Amino acid sequence: MKPIENELGLTITERRSLQNGWSIIKQKQRRAALTIYVNLFTEHENLYEVFRSDGVLNIEFASQHQKEVLTVFQMIIEQVDNARFVKTMLKELALRHEAASVTNTQWQLYTNEVRKYFLETLADAISPTFVHALDKLMNFVCNFNDLTESKEELHRVTRIK
């Protein structure tokens, strides 16, 4: 018999594995947000443009955003049993990001950085179930958002790396 998946494509074992992993990440959440941003912008300096207004970098907004993003991942993981909540939240986020001209590639790059941080932080306590569940969740988050650019552009950018 095949394990039952919820609407996010995750089994109960995968959901618990994500929540257990998050309990470790959560203790380092403040540092995590900064580390993820530093890594992201070191590799992709052009993404700073998202935080510019009239040519001026809005440091305060960038700083606030880094904290909010991990709060979103916290809510997703803590509410992973409530697929309706997660989908509603992702829909609202997609609309806000689309209004701000955030592309699917930018969304994917950030999600990849979050995934990389989780795996590096949990390296000593990681299980294949957690890795598989994290991949499924991150793919769901990225595929859920039908933002302003084509899948072809996303594949082109991710192949370049």
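**Pocket and helix pair**

The lining of the largest pocket divides into 20 nonpolar, five polar and three charged residues. Here Ala, Val, Leu, Ile, Met, Phe, Trp, Tyr, Cys and Pro count as nonpolar, Asp, Glu, Lys and Arg as charged, and the others, Gly among them, as polar.

This is a predicted model: local features need pLDDT of at least 70, side-chain atom pairs count only at pLDDT 80 or more, and totals for chains, interfaces and linings use all residues. Residues are numbered from 1 along each chain as its sequence is written, and side-chain values use heavy atoms, with hydrogens and water left out.

α3 (59–78) gives the most to that lining, with nine residues. Helices are DSSP runs of H or I, at least four residues, numbered from the N terminus. α2 (29–43), α4 (83–99) and α5 (104–121) also supply at least two residues each.

V102 sits in the loop between α4 and α5. V102 is buried, at 9% relative accessible area; buried means under 20%, with a 1.4 Å probe and protein chains only. Its C-alpha atom is separated by 7.4 Å from that of V50, 52 residues apart along the chain.

Now the helix pair. Residues of α2, including L34 and Y37, meet residues of α3, including H65 and V69, where contact means heavy atoms within 4.5 Å. By class, that contact has eight nonpolar, five polar and one charged residues.

That is what I have.

Note on methods:
Buried < 20%, exposed > 50% of the residue type's maximum accessible area, 1.4 Å probe, protein only.
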